[in-house]
Structure formats: structure tokens, C-alpha cells
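Please read them with the structure open.

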Amino acid sequence: MSTDRVLAGDLATAAGELLVEIRATSGLAGKELGKAGDLRSDEFILARLRAERPDDAVLSEESADDKQRLTAPRVWIVDPVDGTREYGTEGRTDWAVHVALWSATDGLIAGAVALPALGVTYLDDTEPVTPTGGLAAVPAGDRPRVVVSASRPPAFSASVADAIGGEVLAMGSAGAKAMAVVRGEAAAYVHAGGQYEWDSAAPVAVAQAKGLWCGRIDGSELVYNRDDTYLPDLVICRPELRDAIIGITSADA
Ligand SMILES: Nc1ncnc2c1ncn2[C@@H]1O[C@H](COP(=O)(O)O)[C@@H](OP(=O)(O)O)[C@H]1O
Ligand SMILES: [Mg+2]
């Protein structure tokens, strides 16, 4: 039997390949493509989890919330397509597949984020990651980038960038933004005003394993598998930037 980390990676990669194929061959676009991709990816990942981890619970953006997960020792937290809007837009690479595993005793214990349009999947391991310029070319100067939602950027975006002497870059998908920080193409990802556990669980599992600081905008810990899955804000950053960033974002918490 594969390890949980390997399974998370395999599922995210295979679902991503399915999504790339649907995008290329379905003839759909925009919201219809997003909906079809969400459903097919969700079906695929849940069927594989049922077969390979039948005793585990699942929380997925695209499936009914079975509250039995609240007493389960292990819960897979899945976002079948993160950045659905970008997935539905031709040529965009900033969308992702998220597969994370939470345990009642240890919190997030495995995670994988696939960036299928770039053909790469990141795991919660300590393998070094180097920038490849696939999402956002590494800036020529020293100005660190703060990546934020393109459609719902937080009000403090510019203040955070000022606090670290950097600049704001808008990008789709929580997973893609978190991986831009993992890849060194950005120094921080900040978000506020709305999000759910599946948007951040796998990105946070990967980012933490790579040595980045992850938490709420008030500096507190991110807690998963809650009854209410709304987890509206998030900071993922290089650890040395944590205090400067939280100094700004905590005022809005
Ligand atoms: N204010 C908000 N309320 C609810 N969800 C939000 C949100 N802002 C961002 N999100 C979700 O967070 C993910 C990343 O968003 P963004 O691309 O804007 O950064 C998207 O997930 P999905 O694409 O899985 O729906 C999006 O729906
Ligand atoms: Mg999402």
C-alpha cells in the first residue's frame, strides 16, 4: 500500500491529467467547463479514496458534507479544482488540484498540490523547490512579491507589500499562489474575507513542509476539520517576514 503522501500526490496528479484532457477535448469553456471539471475530478478522487482508504472520511468542496468526519480519526480534505474560474479560461495556468489528509491527533499529516497546466505536483516533503518561472517569472530586482486573489484581493494587500518593501501580484487559485511562494517566485500569499478549509489545507501542508510560515491573519494557528468549514483568511510567507506581515494584517482580523 502506498504511503498517504504518495497517494495524495498520485490522486492530485491523476485528477489534474483528467482535467487537462477535459479542457482540451470537451468543447466546453468558461463556467460549463469549470462545472464539468469540478464534478469529474471530484468523482475520480472520491472513488479512488473509497477504494484505497475505505475507513477514512472525506471533506470535499464538491460533495455533500458528511458530518461523520467530525468524529473520524482521519479526514481527506479535497478541492477537486481550485481556481475554477482560471481553469475555465483558455491559456491560464493558475489553477490546481488539492488533496490533503488531516488526523485528529496531528492535524495536517499529508498534502499534495498539483498544477496540472504546468505538469507539476508538490508534496509535503522537504525536497527543495527551485523557481521555474512557470507561474510568475522571478523578479529581476530584489522586490519581494505578495500574491493575492485576482477577484477578491484583501484591503491590506498594498500595505503588506509596503511593509516588506515589495509589490503586489494578482493570481488565481489559492494552491497556485501558495506554490508561487513555495517556488520562491513570491515571498508571501495573503488572503482575507472568505475561503474554506479545502482552499488552504493541501497548500498549507506543502508550504509548512517546505519551511514556510502558515497561519491566520491574526497570527493564530489554522485549524482544520471544524464543523463550520469556513476559514476565511490565510497568510503563507517566508518565516522571516511573518512579524512584519502579521503586524499589518492583524489590524483587519
Ligand atoms: N471571499 C471569498 N469567499 C469564498 N471563497 C473565496 C473567497 N475568496 C476566494 N475564495 C476561494 O478561494 C479560492 C482561491 O480564490 P482566488 O483565486 O480568488 O484567490 C477559490 O476556490 P475555488 O476556485 O475552489 O472555488 C475561491 O472560490
Ligand atoms: Mg478552492
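Is asparagine 225 buried or exposed?

1. The model is predicted. Asparagine 225 counts as buried, because it has 20 C-beta neighbours inside 10 Å and the cut-off for buried is 20 or more. This asparagine lies in the loop between strand E9 (213-215) and strand E10 (234-237). Its phi is positive, about 55°, although asparagine 225 is not a glycine. As background, most residues other than glycine have a negative phi.

2. Serine 173 also deserves a look on the backbone: it is not a glycine, yet its phi is positive at about 75°. Serine 173 sits in the loop between strand E7 (167-171) and helix H5 (174-182). Serine 173 is buried, with 30 other C-beta atoms within 10 Å.

3. The chain is divided into domain 1 (4-123) and domain 2 (145-252). Their C-alpha centres lie 20 Å apart. The contact takes 30 residues from domain 1 and 24 residues from domain 2. On the side of domain 1 that touches domain 2, E1, E2, helix H3 (84-87), E3, E4 and E5 each supply at least two residues. E4 gives the largest share of that side, seven residues. By type, the residues on this side of domain 1 divide into 17 nonpolar, five polar and eight charged.

4. One open sheet has five strands in the order E1-E2-E3-E4-E5, and its pairing is mixed. The edge strands are E1 and strand E5 (120-123), each of which pairs on one side only. From one strand to the next, the twist averages 15°.

5. Which residues of strand E1 (residues 57-60) are buried on each side? Ala57 and Leu59 are buried on one side, and Val58 and Ser60 are buried on the other, so that both faces of E1 are covered. In general, the side chains of a regular strand alternate between the two faces of the sheet. E1 runs parallel to strand E2 (residues 74-82), and four bridges join the two. Valine 75 in E2 is the bridge partner of alanine 57.

6. Further along this sheet, strand E3 (residues 96-103) and strand E4 (residues 107-115) pair in the antiparallel sense over seven bridges. Within this pair, alanine 100 stands opposite glycine 111 in E4.

7. E8 and E10 pair in the antiparallel sense over four bridges, and alanine 188 stands opposite cysteine 237 in E10.

8. Where is glycine 193 found? This glycine is in the loop between strand E8 (188-191) and H6. Glycine 193 is partly exposed, with 13 other C-beta atoms within 10 Å. Leaving aside neighbours within four places in sequence, glycine 193 is in contact with Arg152, Pro154 and Pro232. Glycine 193 and aspartate 252 are 59 residues apart along the chain, and their C-alpha atoms are separated by 9.8 Å.

9. Which residues come nearest to ligand 1? Of the 15 residues around the ligand, they are Thr84, Ser149, Gly172, Gly194 and Asp199. The shell divides into one nonpolar, nine polar and five charged residues. Domain 1 (4-123) and domain 2 (145-252) each contribute at least three residues to the shell around ligand 1.

Definitions and conventions: Residues numbered from 1 in each chain as written. Chains lettered and ligands numbered in written order. Predicted model: local features only at pLDDT ≥ 70, side-chain atom pairs only at ≥ 80, totals over all residues. Near = placed C-beta within 6 Å. Nonpolar A, V, L, I, M, F, W, Y, C, P; charged D, E, K, R; others polar. Domains from an automatic or database assignment. Buried ≥ 20, exposed ≤ 12 C-beta atoms within 10 Å, placed from the backbone. Pairing = 2+ DSSP bridges. Axes fitted to C-alpha atoms, helices over the stretch in contact; angles between N-to-C directions. Contact = placed C-beta atoms within 7 Å.
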